[in-house]
Amino acid sequence: MTATLIPPASTTPADNPAPPTRDTSPLIWSAASLVLVLIVWHLASVLIGEDQSGMPLVPSIPDVLSSYMVFADYWPGGWGAERTVTGAEPTLWGATLGLVHNVAISLSRFLVGFILGTVLGVGAGLLVSWSPIARRIMSFPAHFLRMMPLLAMLPLFGLWFGSSELGTYAFTAFAVAVLLFVLTVAAVNNVPRLYSDSATSLGASRARIYLSVIIPSITPNLKVGILLAVPFAWSAVLAAEAIGKQYGLGRILNFALLYAATDIVAVTALVVVIIAGGTHLLLAALLNHLTRWVD
Amino acid sequence: MTITTSSTHTRQALTRTAAIELRNVSKQFRLESGELVNSVNSVSFTVDPGEFICVIGPSGHGKSTLLNMIAGFLPPTSGTITVSGSPVTRPGPDRGVVFQRDTLFLWKTVSQNIEFGLKARGVPKDQRKTIVAELLQTIGLEKFANAWPKQLSGGMRRRVAIAAVFANKPEVLLMDEPFVGIDYLRLGQLHQVLLDLWQEAEKRAVFMVTHDIDEALTLADRIFVIKHGTLALDMKVDLPRPRRTEDITSPQANELRRHLLQEFSR
Amino acid sequence: MRIRAFGPAVAGGIVGVLAIAAVWTMLSATNTAARFPSIPSIFDAIVDNFQSAPILSYSTFGTGGVWSNTLWTAQNVLIGVATGLVIGFATGLALARIEWFHRLGRLPIAILGTVPVLALLPFLTLWFGNSALSTNGLVIFFTAITVASTVQSSAAAAEVKYADYAATLGLSTNRTTGSIILPALLPSTIGVVRAATAFGWGFQCIAEVMGGSQGAGRLIRSFSDATQTAGAIGVLIVIGIVAVLCDALIGLAGRWIVRWNE
């Protein structure tokens, strides 16, 4: 995937008419596809039965929606809704507070870890790529580190950081940083020599070439990598929450699993998918805007 | 080898089915802004079997659109296009196209690329082998029969691409600036290869878009000049074949060149 | 010429590993063994637990050592990738070549691409209990999604490049898909399989950490719970080595399969 620095001159329709596009009224089809998913879900919940303990394997849509109330159990109390653990009745308001509370916690863990990891990974990658010697030294260790099961290092981070927030941030940042470091180094490596050669012939210094030619030209590749790292970072946050935390979406998922409550698992997973998908969408929009000059 | 003069041309036009016939063909495009653009304006001409036509003209004036309509990639907004008597509705092997971009299949050898169209139409193996062997000889790449395209230079790949189209013996051959970017030395080689293939294929009609006046004078029986989507000039090239350097720099050739250049600057 | 190109890269790699080892030794000298075990102690942990790891019989009722659990993980990763590849390839191709499938499947599959893979684990555990599918299901999912996405875009690119030419040869859509689009997809598919395998090790292991009864992840969990950090790191390194080897093999095989590629 090469990026062009100078957009090509546009061809007039008379010269190169594009073949007719296939997507007609995509909005209708998108809506239809979501309706189809709901239909399939409903059919599955009806046709697929229950497991040995009587829990339906595929929870029905109404069951999932009513499981929304479980979020009330994860609200530490206050603002008009008391802790259900101490005996208070779960209310819709309590559930909403609980939902927002846990989403905010998980989201903050994601954001800190992701941003930290991106800055560290891309930054380190750019620094190392500056020097060919540094690149040669770091290539194999970085490759090896990336091939190690990054997420499975969670227990190690537990040993190093205990159950602290810092541990969660560090774990998420680490996973993202390793990924993006390897990607950045590879991207700089693949920049066509043509760009630096032509910039040199225009009189640019090495630093200027690096800053104004090489770094912009790798942004499309970086965009792909950063977007790939978004769900990956979320997986890291969920894993960290499942094992060591009191609040957070991962924690709720894990407890639902322990009680084999498919409907609670479903509603929590739905929230995760929406939030994670949302962060992905926003970031994609931002990155697309930054790389709008790409061919 | 006869050179068609005006009178024989008319006689042949009356007795044989035209290879390509356009009648009042126009093409309009709608831009994103909603504006309508007239790319081709009421073009009519007849190309006989055995004629080599070169189409020349400024960029963006409709040459490629014309070719794409004859090939069947685009329908005309109005007018009719017939090839060998049948109306053109979609692309097909009777109208072979040599594209400007590289369309060789990288995962197939040179021989496999050339025989691909034949294989797709069920031509039996030994027949395919013979056809491929003959073509390889004509284009001078017998030694590269089992090479990957990646092992070939740009000019060699062009030769293979052209041979692959000739293998299907199309009624007409359509070429959209097939030799752009080939260096001048190789160009002469490629022209000769094209003419050899053309000879061996009983000189099927060729409709070739080009930017290069010398190329047109070397190859064509007639040169069309397309300006602003219309056929501005239909000029016969009465130079003897084979055309060597002397022939395309002769006073007669220079007269034709002057005529063309005048047409451009009008 | 190839040896000359390898030389500096290999030398650089060795220097890099030595540099990391030096930094680690410094860390382990100034910290407890529980946080930064020394390199020799990591080696010892690997060797001592290679055939059988006593820690497993204390914490689970499992058997085996570093090697057997690594093999278990490895086979699950590879089977998972292979399964995901088949599913993803068929899906991606269908998305690119079948109009109604594209229209209906585009959005759901795009959304699936943003789902954090780990969110699937609770469902897999609930549905498939402790079987292998509940752990390598994550690998299958991730591989299928990324392969489908890559195959779809590569097929679209191949269509742009070859569709017109194929039409002039009179080929049907199916014929075009089989003889032209499919081979054109191979280079990018091999690339994405390599990447998916690299991620696959991580997903498989974390699934084992969180709830598996076997595998390297389970072993890491057991070592960590008993604060045997050297053991945990040792397993990670062994998996890393196996992963690097697998990646190299896939790379070699891939290079041969698409040896015609430019």
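## Nonpolar surface patch on chain A

In this predicted model, A:Val35, A:Ile39, A:Leu43, A:Val46, A:Leu47 and A:Ile48 make up a nonpolar surface patch with about 560 Å² of accessible area together. Accessible areas come from the Shrake-Rupley method with a 1.4 Å probe, and for residues only the protein chains shown count as cover. Patches are made of residues with over 30% relative accessible area and no salt bridge; nonpolar side chains (Val, Leu, Ile, Met, Phe, Trp, Tyr) are joined within 5 Å, like charges within 9 Å.

A:Leu47 belongs to helix H1 (residues 26-47) of chain A. Helices (H or I, at least four residues) and strands (E, at least two) are DSSP runs, numbered from the N terminus. A:Leu47 counts as exposed because its relative accessibility is 67%; exposed means over 50% relative accessible area, buried under 20%, and partly exposed in between (1.4 Å probe, protein chains only).

## Interface of chains A and C

About 4900 Å² is buried between chain A and chain C, and carbon and sulfur atoms give 77% of that area. Buried area is the accessible area (1.4 Å probe) that two parts lose on being put together, summed over both. Chain A contributes 52 residues to the contact and chain C contributes 57, where contact means heavy atoms within 4.5 Å.

Zero salt bridges are found across this interface; a salt bridge is a side-chain nitrogen of Lys or Arg within 4 Å of a carboxyl oxygen of Asp or Glu.

## Open sheet of chain B

Four strands of chain B form an open sheet in the order E2-E1-E4-E5, with antiparallel pairing. Strand E2 (36-47) and strand E5 (86-87) of chain B are at the edges with a single partner strand each, so one side of each has no neighbour in the sheet. Two strands pair if DSSP finds at least two bridges between them.

Strands E1 (residues 20-30) and E4 (residues 78-83) of chain B are joined by five bridges. B:Glu21 is opposite B:Thr82 in E4(B).

## Strand E9 of chain B

Six of the six residues of strand E9 (residues 222-227) of chain B are buried. B:Arg222, B:Phe224 and B:Ile226 lie on one side, and B:Ile223, B:Val225 and B:Lys227 on the other.

E9(B) pairs in the parallel sense with strand E3 (residues 52-56) of chain B over four bridges, with B:Phe224 as the bridge partner of B:Val55. Six bridges join E9(B) to the antiparallel strand E10 (residues 230-236) of chain B, and B:Ile226 stands opposite B:Leu231. Their hairpin has two residues between the strands, and B:His228 takes a positive phi near 50° there.

## Conventions

Residues are numbered from 1 along each chain as its sequence is written, and chains are lettered from A and ligands numbered from 1 in the order in which they are written. Local features need pLDDT of at least 70, side-chain atom pairs count only at pLDDT 80 or more, and totals for chains, interfaces and linings use all residues, while side-chain values use heavy atoms, with hydrogens and water left out.
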